Every structure is written in C-alpha cells, then in structure tokens.
Amino acid sequence: MPDTLTVRDNRTGKTIEIPIEHGAVRATAFEQLTAGDADHGLMLYDPAFMNTASCTSTITFIDGDQGILLYRGYPIEQLAEQSTYLETAYLLVHGELPDAQQEAEWRHDITIHTLVHENVKKFIDGFHHDAHPMGILLSTVGALSTFYPDATQIYDEEQRRISIYRLIAKMPTLAALAYRHSIGLPFNYPDNDLSFAGNFLNMMFKMVEQKYRPVPEIEHALDVLFILHADHEQNCSTNAMRSVGSSHPDPYSATAAAVAALYGPLHGGANEAVVRMMERIGSVDRIPEFVAGVKAGKERLMGFGHRVYKNYDPRAQVIKRMADQVLGVTGTSPLLEIARELEKIALEDEYFVSRKLYPNVDFYSGFIYKALGIPVDMFPVLFAIPRVAGWLSQWEESLLDKEQKIARPRQVYLGGGRRDYVPLDKR
Ligand code: SDX
C-alpha cells in the first residue's frame with residue numbers, strides 16, 4: 001500500500017493525494033481544498049497542539065505508551081546512572097557524547113562563565129524580599145541580553161556557542177542570587193573548583209566558612225535531577241523557546257520566555273504545587289477526602305498526568321528510587337509518606353486509571369529538593385536550571401532548520417461580520 005492519504009472534499013467532489021512522511025502529513029497540503037473563491041483553503045484546527053507536530057527534531061524521543069525517554073538515542077535511565085549533567089548537556093547540544101578532551105574543554109568553557117556582571121546584583125536587590133524566585137529568574141535572564149549585545153548575531157556560530165556557554169553557566173548563579181536575596185544573606189561567588197551541582201550548592205548555602213564542601217550524596221542526587229530535567233522534546237516551555245526564537249531575538253530573551261512558560265503550575269511549577277498539595281492534605285487518613293475532591297473536579301492531583309506519557313514517566317521512576325536513597329541520608333519526610341500512599345491509591349482508582357494518569361517527573365522531585373534544604377518556591381527554578389540545555393539545543397536546531405520560519409499560526413474566525421463605527425453620542 002502507498003504511503004499516501006487520499007482526501008475527498010465532499011463539498012466539491014475534489015480528491016487529493018497527500019504523501020505520508022514519518023507518520024505525518026503536511027498541513028499545507030490541505031490548502032488545495034477550497035469551497036469558494038474567498039476560501040483560502042482548508043485549515044487544520046488543533047487547539048493546544050494535541051496532534052500537531054511543529055517541527056522535526058533529532059534531540060529527544062518519547063514513547064508515551066511505553067514510558068520511553070531517549071536523549072539523542074541514549075535511555076534516560078542509563079544517563080542518570082552513568083553520566084553527569086554537563087556531559088548530558090554536551091550530548092543534547094552537540095548530538096554526541098564528548099570524548100575526554102571535548103568533555104574537559106566543555107566543562108572549562110562553562111565553568112569560566114559562571115560569574116554574572118556585578119550590576120545584576122543591584123538589579124536583584126530591587127526585588128521585594130518575598131519576590132518569587134521564578135519571577136526574579138525570568139527577569140534576570142532577560143536582563144542578561146542587555147549585557148551581551150553581540151548575542152543578537154544568532155547566525156554567527158561563535159556567538160551562539162558563547163551564548164550557550166553563558167546561559168548554561170549562569171542559570172545556577174542567577175538562581176542562587178535569587179535565593180540569597182530572598183533570605184537576606186550575602187551573595188556567594190562561584191567556586192570553580194567544584195562540580196556544576198557542587199558549585200550551585202556552594203552559591204546557595206555557603207555561609208562564613210572559607211570553602212564550601214558539598215555532601216557528595218547530595219551533590220550527586222542534584223546532578224542526577226539535573227540530568228532528568230535537561231530536555232523533554234516539544235513541551236510547553238520548549239515550544240515557547242522555539243516560537244519566540246523564530247522571530248530571531250537573542251537567546252537570552254527567548255530563554256526568558258521559556259522560563260515564563262515553565263513557571264506555570266501545569267508545567268514546571270507542578271513540583272512546587274505537589275509539595276504544597278501534600279502539606280494541605282496533611283495526613284494519610286485525609287487522602288480519601290482529597291481524592292474525592294479531585295474526582296469531583298475541584299482540583300487536580302498535581303504531579304500526575306502527562307500530555308505524552310500514558311504510562312509511568314520514566315523520570316518519575318528514577319526520582320522515586322532516589323527519594324528513598326536521599327531521604328535515607330537526610331531522614332524521611334511525613335509528606336513523602338503521604339505521597340507514596342496517594343500514588344498507591346490513585347494507581348488503583350478507576351478515575352486515574354481510565355484517564356491513564358500516572359506520576360510524572362514532578363511528583364517526587366520536590367521531596368528530594370526539600371530534603372536537600374531547597375525552599376519550596378525554588379523548586380521550579382531547579383527545573384529551569386538544567387532545562388536551559390534542552391531549550392538551547394532545541395533553539396539552535398530550529399534556527400538551523402531550513403523548513404522553519406517565524407511562527408505565526410492561523411485561526412478559525414468566529415467573530416461577527418463587518419460593521420461601521422458608531423460615534424459615542426449615537427450609542
Ligand atoms: C511537566 O510536556 C512535557 O513534557 C512537560 C514536562 C517536561 O519535562 O517538560 O514533562 C514537565 O510539565 C509535567 C506535568 C506537570 N504538571 C502537573 O503535574 C499538573 C497536573 N497535571 C495536569 O494538569 C495534566 O495532566 C497535564 C497538564 C500535565 C496534561 O494535561 P492534558 O494532556 O492537556 O490533559 P487534560 O488536561 O486534557 O486532561 C485529560 C483528562 C481530564 O479529565 P476529563 O475532562 O476528560 O474528565 O484527565 C484529567 C482532566 O481533568 N486530568 C487530571 C489530571 N491531569 C489530567 N485529573 C486529575 N489530576 C490530574 N493531574
């Protein structure tokens with residue numbers, strides 16, 4: 001059988017053959033079907049892109065039914081087990097794992113860009129003490145574009161390279177500055193002797209000691225969490241990065257848009273919402289009442305469900321195992337006990353089973369962050385830090401994709417027809 005789609009427009013009797021390529025047909029092929037002179041051709045209506053591919057990509061593959069996640073072909077479980085975040089970021093951006101020299105150069109090039117301009121600290125000082133750190137991160141990432149005007153030369157590969165180094169390197173610095181500002185403690189400078197995760201912990205938690213020494217188990221757990229959050233194909237924030245990037249601003253401005261998208265509780269804000277949800281439930285015996293409320297549509301079980309995964313999110317599997325390890329070191333949490341019982345109940349409840357709602361990446365991650373001493377409102381920030389590698393790899397892929405141009409969707413207009421203006425005294 002041919003790889004084509006035959007479409008007959010019953011309004012006109014016209015039939016067209018559309019090639020099927022990689023499991024998709026081109027939406028523009030349907031423009032051939034018109035029913036009248038003013039008709040610009042048939043459009044495909046797909047609110048929230050439930051079944052619309054906006055691009056081709058070779059970066060991340062997800063099989064939602066099988067619960068499979070691959071970064072450039074490598075299973076997320078193997079990367080979490082054997083790689084580091086910086087090596088994974090290299091893989092996402094370059095498409096291949098680095099050799100020893102490439103890894104050392106990549107780590108050096110990022111490490112030497114961890115500082116931010118001293119004026120950024122004055123910018124952060126302008127925020128209220130209780131400003132949400134995602135609001136600070138969103139603003140400061142965008143502000144970085146004003147320090148690097150050459151970043152607008154996005155088709156100069158060297159400029160793209162240095163922007164990628166700077167954004168991967170400075171996200172932890174901006175995040176830590178936001179945290180230290182929120183608790184009124186002095187800012188810590190990066191310590192380039194430490195690993196990527198170790199330096200983040202240093203900037204977050206160093207007090208008056210000469211040198212911050214991260215707890216190895218905590219440093220490793222954080223690095224694994226960064227690997228798990230590094231990319232996830234065309235999620236909401238990556239779509240924002242690609243869409244804003246398509247008008248060719250500098251990558252700092254596009255990243256600010258991606259941070260804004262990630263901020264939402266339905267996306268990266270879910271890890272914060274999960275812990276606040278468990279605090280609200282309060283005890284295991286109040287789970288049935290909460291679940292009844294969810295089934296009555298009063299609220300959602302945050303950390304559950306996914307647009308693509310209709311099976312257990314493979315990242316959630318890894319994070320759940322890590323939660324046991326980390327809390328074994330730091331001491332367990334009553335909230336984690338509630339989460340475990342809630343997951344058990346939900347996975348046996350028809351409401352969730354019938355909708356294929358399983359724990360996603362955000363269901364257990366917050367308990368680890370909490371055990372690491374990270375405040376709840378910083379949880380989405382910890383999602384943004386590693387995701388910038390994914391956003392940048394997707395951004396660059398989009399820029400170099402000859403099929404891409406400025407994103408400008410069509411619409412189905414349902415408003416009224418033409419009418420003449422009525423002066424105020426006649427209304
Ligand atoms: C992330 O896209 C990505 O890849 C994102 C991400 C990444 O790495 O970038 O994986 C990270 O954002 C994970 C998702 C984090 N968000 C949450 O945990 C928030 C809670 N989950 C949902 O709001 C929801 O599941 C979404 C937003 C994740 C997915 O929403 P969809 O695909 O649009 O599904 P839907 O809203 O159309 O829901 C389908 C049905 C509805 O019921 P009915 O109207 O058919 O009766 O399932 C129900 C929904 O009410 N439903 C839930 C639910 N999620 C969906 N009901 C209760 N609790 C939930 N969590």
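A polar contact is a pair of N or O atoms within 3.5 Å; within protein, one atom must be able to donate a hydrogen and the other to accept it, and residues adjacent in sequence count only if both atoms are side-chain atoms. The model is predicted, so local features need pLDDT of at least 70 and side-chain atom pairs count only at pLDDT 80 or more, while totals for chains, interfaces and linings use all residues. Residues are numbered from 1 along each chain as its sequence is written, and side-chain values use heavy atoms, with hydrogens and water left out.

A polar side-chain atom of Arg355 lies 3.1 Å from an oxygen atom of the ligand. An N or O atom in the side chain of His232 is 2.5 Å from a ligand oxygen atom. Leu266 takes part through its backbone: a polar atom there is 2.9 Å from a nitrogen atom of the ligand. The protein covers 76% of the 1100 Å² of accessible area that the ligand has on its own (Shrake-Rupley method, 1.4 Å probe). There are 23 residues around the ligand (a heavy atom within 4 Å). His232, Arg300, Gly303, His306 and Arg315 come nearest. By class, this shell has 10 nonpolar, seven polar and six charged residues. Here Ala, Val, Leu, Ile, Met, Phe, Trp, Tyr, Cys and Pro count as nonpolar, Asp, Glu, Lys and Arg as charged, and the others, Gly among them, as polar.

Glu343 lies in helix H14 (residues 334-347). Helices (H or I, at least four residues) and strands (E, at least two) are DSSP runs, numbered from the N terminus. Glu343 counts as buried because its relative accessibility is 4% (buried is under 20% relative accessible area, with a 1.4 Å probe and protein chains only). Its side chain makes a polar contact of 2.3 Å with the side chain of Tyr312. Another polar contact, also of 2.3 Å, joins the side chains of Glu343 and Tyr364. Leaving aside residues up to four places away in sequence, Glu343 touches Phe304, Tyr312, Lys320, Pro359, Phe363 and Tyr364 (heavy atoms within 4.5 Å).

Ser365 is in helix H16 (residues 362-371). At 0% relative accessibility, Ser365 counts as buried. With residues up to four places away in sequence not counted, Ser365 touches Leu225, His229, Asn271 and Ile319.

Two further helices are mostly covered. In helix H2 (residues 85-94), eight of the 10 residues are buried, so H2 is largely enclosed by the rest of the structure. Among the buried residues are Tyr85, Leu86 and Tyr90. Gly95 follows H2 and has a positive phi, near 95 degrees. In helix H7 (residues 196-205), nine of the 10 residues are buried. They include Phe196, Asn199 and Met203. The cover over the buried residues of H7 includes H2, helix H6 (157-182), helix H8 (216-228) and helix H17 (379-400).

An open sheet of three strands has the order E3-E4-E5, with antiparallel pairing (at least two DSSP bridges for each pair). Strand E3 (60-63) and strand E5 (74-75) are the edge strands, each pairing on one side only. E3 and E4 pair over four bridges. Thr60 stands opposite Tyr71 in E4. The hairpin of E3 and E4 has four residues between the strands, and Gly67 takes a positive phi near 65 degrees. Strand E4 (residues 68-71) pairs with E5 over two bridges. Tyr71 stands opposite Tyr74 in E5.

Methods. Buried means under 20% relative accessible area, exposed over 50%, partly exposed in between (1.4 Å probe, protein chains only).
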